Amino acid sequence: MKTIAVSIRTTVALMIIILAYQLVVTGIAQAVMPDKADGSLIYNDKHEVIGSKWIGQNFTSPGYFHGRISSIEYNAVSSGTPNYAPSNPDMLERTKASVEAWKSENPGIPVSELPVDLITNSGSGLDPHISVEAAQVQIPRISRSTGIPEEQLKELVAKHTQERELGVLGERVVNVLLLNIDVQKTVNGK
């Protein structure tokens, strides 16, 4: 009986400590960086949530920049992606389909100029970013579809280019959702 009482007291004490820890960390995060603590949400003009800066979305219209492939359809509940070998038949089939889609949507751009991040998954399947090259190579298609001059689209890409962390870590990237929001505003004349 004594062992059970000690176990119950220990369990209750640990539950209180864990709850207190979570409340303290959440409180600090809300005080220091509330936007990040709330998920870096993006709102439209009606203050409705339309996405997060950290989770990609699937854009398929020719008038928008396309992001990376997501084998989980950007569903944050089940982040991750199949770890297929390059010789895997499913991987080969998906890659061939992606290349064929690229050729039909971007007839003026040879496959040799297709950045690899437009036909590959990220590790999480949620990556909201593409390389600057992947954004730039899509400009002719978007210009044809929307009527936005290529120079203006280049300016939008430059505006949304995020530099390397501390100038040396990672690669320069473009957040596809934020870029497409500006494309939509330009199309709508806002």
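**Close-up views of a predicted model**

**View 1. The largest nonpolar core.** The largest nonpolar core holds 27 residues, and Phe 65, Leu 118, Ile 130, Leu 153, Val 157, Val 174 and Val 183 have the most contacts inside it. At least two residues of this core come from each of α3 (89–105), α4 (132–136), α5 (139–146), α6 (150–159) and α7 (176–188). The helix that gives the most is α7, with 5 residues. A nonpolar core is here a set of buried Ala, Val, Leu, Ile, Met, Phe, Trp, Tyr and Cys residues joined through side-chain atoms within 4.5 Å. Buried means under 20% relative accessible area, exposed over 50%, and partly exposed in between (1.4 Å probe, protein chains only). Helices (H or I, at least four residues) and strands (E, at least two) are DSSP runs, numbered from the N terminus. The model is predicted: local features need pLDDT of at least 70, side-chain atom pairs count only at pLDDT 80 or more, and totals for chains, interfaces and linings use all residues. Residues are numbered from 1 along each chain as its sequence is written, and side-chain values use heavy atoms, with hydrogens and water left out.

View 2. An open sheet is formed by 3 strands in the order β3-β5-β4, with antiparallel pairing. Because β3 (129–131) and β4 (161–162) are at the edges with a single partner strand each, one side of each has no neighbour in the sheet. Strands β3 and β5 (residues 173–175) run antiparallel and are joined by 3 bridges; two strands pair if DSSP finds at least two bridges between them. The bridge partner of Ile 130 in β5 is Val 174. Helix α7 packs on the sheet, where it touches β3 and β5, and its direction makes about 60 degrees with that of β5. Leaving out residues up to four places away in sequence, Ile 130 touches His 66, Gly 67, Arg 68, Asp 117, Leu 118, Ala 135, Gln 138, Val 173, Val 174 and Val 176. Contact means heavy atoms within 4.5 Å.

View 3. Thr 161 is placed in strand β4 and is buried, with a relative accessible area of 14%. Not counting residues up to four places away in sequence, Thr 161 touches Val 132, Arg 172, Val 173 and Val 174. Thr 161 and Val 176 are 15 residues apart in sequence, and their C-alpha atoms are 10.0 Å apart in space.

**View 4. Gln 138 in a loop.** Gln 138 is in the loop between α4 and α5. This residue is buried, with a relative accessible area of 0%. Apart from neighbours within four places in sequence, Gln 138 is in contact with Tyr 64, Phe 65, His 66, Trp 102, Leu 118 and Ile 130.

**View 5. Helix α5 and its cover.** Ile 139, Pro 140, Arg 141, Ile 142 and Ser 143 of α5 are buried. The cover over the buried residues of α5 includes α3, α4, α6 and α7. Gly 147 follows α5 and has a positive phi, near 85 degrees.

**View 6. The α6 and α7 crossing.** The axes of α6 and α7 come within 10 Å and cross at roughly 145 degrees. The contact is made by Gln 152, Leu 153, Leu 156, Val 157 and Lys 159 of α6 and by Leu 179, Asp 182, Val 183 and Thr 186 of α7. Axes are lines fitted to C-alpha atoms, for helices over the stretch in contact, and angles run from 0 to 180 degrees between N-to-C directions.

**View 7. An aromatic pair.** The count of aromatic pairs comes to 1. The ring centres of Phe 59 and Tyr 64 are 5.6 Å apart and their planes are at 45 degrees, so the pair is tilted. Rings of Phe, Tyr and Trp (its six-membered ring) pair if their centres lie within 6.5 Å; planes under 30 degrees apart count as stacked, over 60 as edge-to-face and the rest as tilted. Phe 59 counts as buried at 17% relative accessibility.

**View 8. The β1 and β2 hairpin.** Strands β1 (residues 41–43) and β2 (residues 49–52) run antiparallel and are joined by 3 bridges. The bridge partner of Tyr 43 in β2 is Val 49. The hairpin has 5 residues between the strands, and His 47 takes a positive phi near 60 degrees there. His 47 counts as exposed at 59% relative accessibility.
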